[in-house]
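Thanks for coming. I will go through one structure today, starting with some charged pairs and ending with a pair of helices.

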Amino acid sequence: MSSGPEFEKARLEAEQLTEQILAAADAYYARDETLISDAEYDRLMERLREIETQYPVLQGQDSPTLAVGRGQTNSTFAPVTHAERMMSLDNVFSEEQFRAWGEKVVRDSARAVNWLCELKIDGLAINLRYENGQLVSAATRGDGVVGEDVTANVLTIAGIPRALAGSGHPALVEIRGEIFIPTALFHELNEQLEDNDEKVFSNPRNAASGSLRQKDATKTAARPLRMLVHGIGAWADAPVPTQSATYELLASWGLPISTHYVVVDSLDKAWAFIEKMGRDRHSVEHEIDGIVVKVDELALHDELGSTSRAPRWAIAYKYPPEQVNTKLVDVRVSVGRTGRATPYAVVEPVRVAGSTVEFATLHNQDVVKAKGVLIGDTIVLRKAGDVIPEVLGPVVELRTGDERAFVMPTQCPECGATLAPASVDDIDLRCPNARSCPAQVRGRVEHIGSRGGLDIEKLGEVAAAALLVNAADGSAPPLVTEAGLFSLTIDDLLAVDYFRNADGSASKNALELLSNLETAKTKPLARLLVSLNIRHVGPVAARALASHFGSLDAIRLATVDELAAVDGVGTVIAESILNWFDVDWHRDIVDSWTQAGVRWSTPGHAGPGAIGENTGPCAGLVIVATGSLEGYTREGAEEAILAAGGKPSSSVSKKTDFVAAGPGAGSKLQKAEELGIPVLDAAGFTRLLQGGPSAV
């Protein structure tokens, strides 16, 4: 039936749905913005499919339900035509739908089927084209036929080989995979962006897409992008019978393959894997939004074929969204260590993603306005695992008329100073009272104790706050600024309830904090530099400065040009360092810490640039640490190299003396082997640091 009121109603709804879907897709793929949640997008798409199924005449050739992916090419990048079309996957959202799909595949196959189950990475699809083993292009999905040429940017991503290892490479093969940012590194990236007063990303997928599609490849290189292979495109006469065998062959060629996949022989076992990963999804190193189940036998892929947009031999099971509805009770403002005034949502306590949530981020006043939320609204709240809860938007239909708009305060809620932007380009309001605003001092002290700072176990959020509270007798708190941190005594701590037992004696927290502070006085110079809270000086720049100069005195005596010349520093950071030391109360911090016994130099370091003259077991050695080395974090490995007198490097070259490689080492390990550079495992790395080259 293609007339009448019901048809007209369906036609109008289909037009509205199409408009919403296309607008969301354009924002998502072209601008790396999320207008609606994935779950809402899927709901709109499912509703449009229902209408088109009932009224096939409404399904035009340009319907979103027929499109491959949701992306189009951007004029910023040259177009690349894929040798074989990049298709999307159909989705299912329940066990019933999954089993119905699987049972149809078995019927159509008329034989036993093995199922390959793998994680659906929430990232950006990529197509790598290799000719005779050499990478010749890398392109985004685009519309499935034509993508964007991002070869220069992809070449900066660790783990993607320019030349395939092994032998027997075909004249042409397309490798399909997903570009993503590991969850932990995503949070680090946002922290760095926030420290640098730059816009943060709302989720890892947007971060990966925005990082890959930079006009300047050096900016992409600075982002922690990774890639995992999930299939192949064009490959004539592939010498493998199954998808799993394909992965094994590609891994032998040096391509990054996920370890999170299984091959099972029944739908029951496939569903068990889906349920297991649903429980464990936040223990994976990257964000996932479901599980992809594929027929393992490649011969069946051809037999089963595909629809206009998706293969019939694969399906994506999408996990239920980790979001709930709750009431927005209030919007309050907090001030961080950089002085930025940040609105946050106070919500009716609600259980989501395994924990009870009472607060959620709102970023800034413009975000509050853009989300359209009013105090008193019923809102949609999302929380994925340990990710900070996020307000997605209001449920407008549930408004009563009693809601009210949030008004950004004009004064700092903690010290009363007038809030103002730091510059004409800054959308955030800031408290200018950097020296003594309790919120900023508290934030800086907490940062000093953090894992990225001096890693002081007993100097967390609660302890930092307690140190800035007036004593029980009403006198001044133990700390007014961080300058007095390393001069704290047991008597200072006993004046605060938090550090006292009921009988008035020093608590375990007090004794351990003083012990932690004593140990922190001799922490590596790089960590001390980070702990000074100098704008733009994060772990990477701090390690570069410590490695080159060896002492704070040498850094303070350096010119802008000398600082900027250090690899990983540059003019902006160099000027920020000198500007920081121009402030008298900043110098007071350094002087007070020095008097308290803080060591501002790297033992054995011979001075600026004189790495070869340093003392220590690894004096003069250039060492690259890559992959997951047991017993070492990335920062810990670099600090250990510095402490042993060596020079840590992020790239392998002829100047490299040793490469310490753990699982996931990727292209750096391959290059070391090509250059004949000694490669050590974690145990060998430890022996090198302790005894020098002769020990290995």
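Are aspartate 428 and arginine 340 buried or exposed? Before I answer, please keep in mind that this is a predicted model.

Both are buried: aspartate 428 is, and so is arginine 340. Their side chains meet in a salt bridge, at 3.4 Å from N to O. The pair links distant parts of the chain, 88 residues apart. Aspartate 428 lies in the loop between strand S16 (390-394) and helix H12 (438-449). Arginine 340 lies in the loop between strand S12 (323-335) and strand S13 (341-352).

As background, side chains of opposite charge can pair when their charged atoms come close. A search of the whole structure finds 28 salt bridges, and I will take a few of them.

Next is arginine 543, which forms a salt bridge with glutamate 638. The closest N and O atoms of this pair are 2.1 Å apart. Here too, distant parts of the chain are linked: arginine 543 is in helix H17 (residues 539-549) and glutamate 638 is in helix H22 (residues 634-643), 95 residues apart. Arginine 543 counts as buried because its relative accessibility is 8%, and the cut-off for buried is under 20%.

Now aspartate 265 and lysine 269. Their side chains meet in a salt bridge, with 3.0 Å from N to O. Aspartate 265 has a relative accessible area of 48%, so it is partly exposed. Lysine 269 is partly exposed as well, at 45%.

There is also a network of salt bridges, and it links Glu8, Arg11 and Glu15.

Isoleucine 555 is buried, with a relative accessible area of 1%. What does isoleucine 555 contact, leaving aside its neighbours within four places in sequence? The contacts are Leu529, Leu545, Phe549, Leu563 and Ile577. For a sense of distance, glycine 305 is 250 residues from isoleucine 555 in sequence, and their C-alpha atoms are 64 Å apart in space.

Last, the helix pair. Helix H3 (residues 95-109) and helix H9 (residues 267-280) have axes that come within 11 Å and cross at roughly 145°. The crossing of H3 and H9 is right-handed. On the H3 side, the residues that meet H9 are Glu95, Phe98, Arg99, Gly102 and Glu103. On the H9 side, they are Leu267, Asp268, Ala270, Trp271 and Ile274. Sorted by class, the contact of H3 with H9 has five nonpolar, one polar and four charged residues.

That is where I will stop.

Note on methods. Residues numbered from 1 in each chain as written. Predicted model: local features only at pLDDT ≥ 70, side-chain atom pairs only at ≥ 80, totals over all residues. Heavy atoms only, no water. Axes fitted to C-alpha atoms, helices over the stretch in contact; angles between N-to-C directions. Helix = DSSP H or I, 4+ residues; strand = E, 2+ residues; numbered from the N terminus. Left-handed = near helix turned anticlockwise from the far one by under 90°. Contact = heavy atoms within 4.5 Å. Nonpolar A, V, L, I, M, F, W, Y, C, P; charged D, E, K, R; others polar. Buried < 20%, exposed > 50% of the residue type's maximum accessible area, 1.4 Å probe, protein only. Salt bridge = Lys/Arg side-chain N within 4 Å of Asp/Glu carboxyl O.
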